[in-house]
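Keep the model in view as you read.

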Amino acid sequence: MHPPAILLETQQLLVVHKPAGMAVERQLHGYPSVEEWAWQYLSASIKKPFIGIVHRLDRPVSGVLLLAKKRAALKDLNLQFAERRTEKTYHAIVKQAPYPAAGTLIHWLTKDTEGKRAVIAREGATGAARCELKYKILKDIPSGILLEIKPVQGRFHQIRAQLAAAGTPILGDARYGAEASWQPDAIALHAHSLRFRDPADGQWRTVTAEWE
């Protein structure tokens, strides 16, 4: 597995392209993590680096990942995510085209902690959270149909569970009913871009990671 590629670095933050198969946080089970990689990378120039996990990507998902290098930056960025002022765009490959070709999916999800998956629930069910995402078909490709997805929230396995509930599971995502395989230790879901306000100067930044 290749290490994360640096997309943007300032005194306040670090944005990387996380490879599929790599965890975000340090793991007890032996998986390499972006957090450990970042610690080693920053330790080469900083005596005691700070690494703040701003948001997360599932281990089999690749793409843009934002880390804070200062506590103040972490607080600022966490607030942006909590208030939904950031914009996340994903790409996914599915076998069956959703209908209509563009639209909005709304579901209520609960978390099955033991099974490590999100579960569709009825509206108002105990512990259920409302989840919304916007999608559109970009084009047909040899492996399937390429979708653009913009989740409004960012719940646990939200995109994976919602697409599966709509009858279009992500390629390789056997946990949510996909029959077709994808790449080893990966599913066909990629965090394509992230738009956020830079804590240092207040300017909007959009960082993109091209899918390999």
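Helices (H or I, at least four residues) and strands (E, at least two) are DSSP runs, numbered from the N terminus. This is a predicted model: local features need pLDDT of at least 70, side-chain atom pairs count only at pLDDT 80 or more, and totals for chains, interfaces and linings use all residues. Residues are numbered from 1 along each chain as its sequence is written, and side-chain values use heavy atoms, with hydrogens and water left out.

Start at helix α3, residues 158–165, which contains Q162. Is Q162 buried or exposed? Buried means under 20% relative accessible area, exposed over 50%, and partly exposed in between (1.4 Å probe, protein chains only). Q162 has a relative accessible area of 0%, so it is buried. What does Q162 touch, not counting residues up to four places away in sequence? A contact here means heavy atoms within 4.5 Å. On that basis Q162 touches L105, I106, H107, C131, E132 and L133.

Of the 8 residues in α3, 6 are buried, and the helix is mostly covered. The buried ones are Q158, I159, R160, A161, Q162 and L163. Which strands cover them? The cover includes β5, β6, β7, β8 (129–141), β9 (144–151) and β10 (189–197). After α3 comes G167, with a positive phi near 90°.

Now turn to α1. Its buried residues are V34, E35, W37, A38 and L42. They cover an arc of only 160° around the axis, and therefore lie on the same side of α1. The arc is that of the directions from the helix axis to the C-beta atoms. The buried residues of α1 pack against β1 (5–9), β2, β3 (52–53) and β4 (62–68).

R26 sits in the loop between β2 (13–18) and α1 (34–43). Its relative accessibility is 41%, so R26 counts as partly exposed. Beyond its neighbours within four places in sequence, R26 contacts S33, E35, E36 and W39. With E36 there is also a side-chain polar contact of 2.7 Å. Such a contact is a pair of N or O atoms within 3.5 Å; within protein, one must be able to donate a hydrogen and the other to accept it, and residues adjacent in sequence count only if both atoms are side-chain atoms. R26 and L194 are 168 residues apart along the chain, and their C-alpha atoms are separated by 23 Å.

Several loops deserve a look at the backbone. R84 lies in the loop between α2 (71–82) and β5. Its phi is positive, near 60°, although R84 is not a glycine. At 46% relative accessibility, R84 is partly exposed. K116, in the loop between β6 and β7 (117–121), is another non-glycine residue with a positive phi, about 55°. K116 counts as exposed because its relative accessibility is 52%. P100 belongs to the loop between β5 (87–94) and β6 (102–112). A cis peptide bond links Y99 to P100, with omega about 0°.

Next, the spaces. On a 1 Å grid over the protein atoms alone, a cavity is a set of points where a 1.4 Å probe fits but cannot get out, and a pocket is an open set with protein on both sides within 12 Å along at least five of seven lines; lining residues have an atom within 4 Å of a point. Grid points are joined across faces, edges and corners, and a volume is the space filled by probe spheres set on the points.

The largest pocket holds about 1200 Å³. Its lining has 39 residues, and R56, L57, D58, F156 and H157 lie nearest the centre. α2, β5, β6 and α3 each give two or more residues to this lining. The second largest pocket has a volume of about 210 Å³. It is lined by 13 residues, with H2, A20, S62, Q183 and E212 closest to its centre.

How many cavities of 30 Å³ or more does the structure hold? It holds 1. The largest cavity has a volume of about 40 Å³. H55, V64, K88, T89, Y90, A191, S193 and L194 line it. Two or more of the lining residues come from each of β5 and β10.
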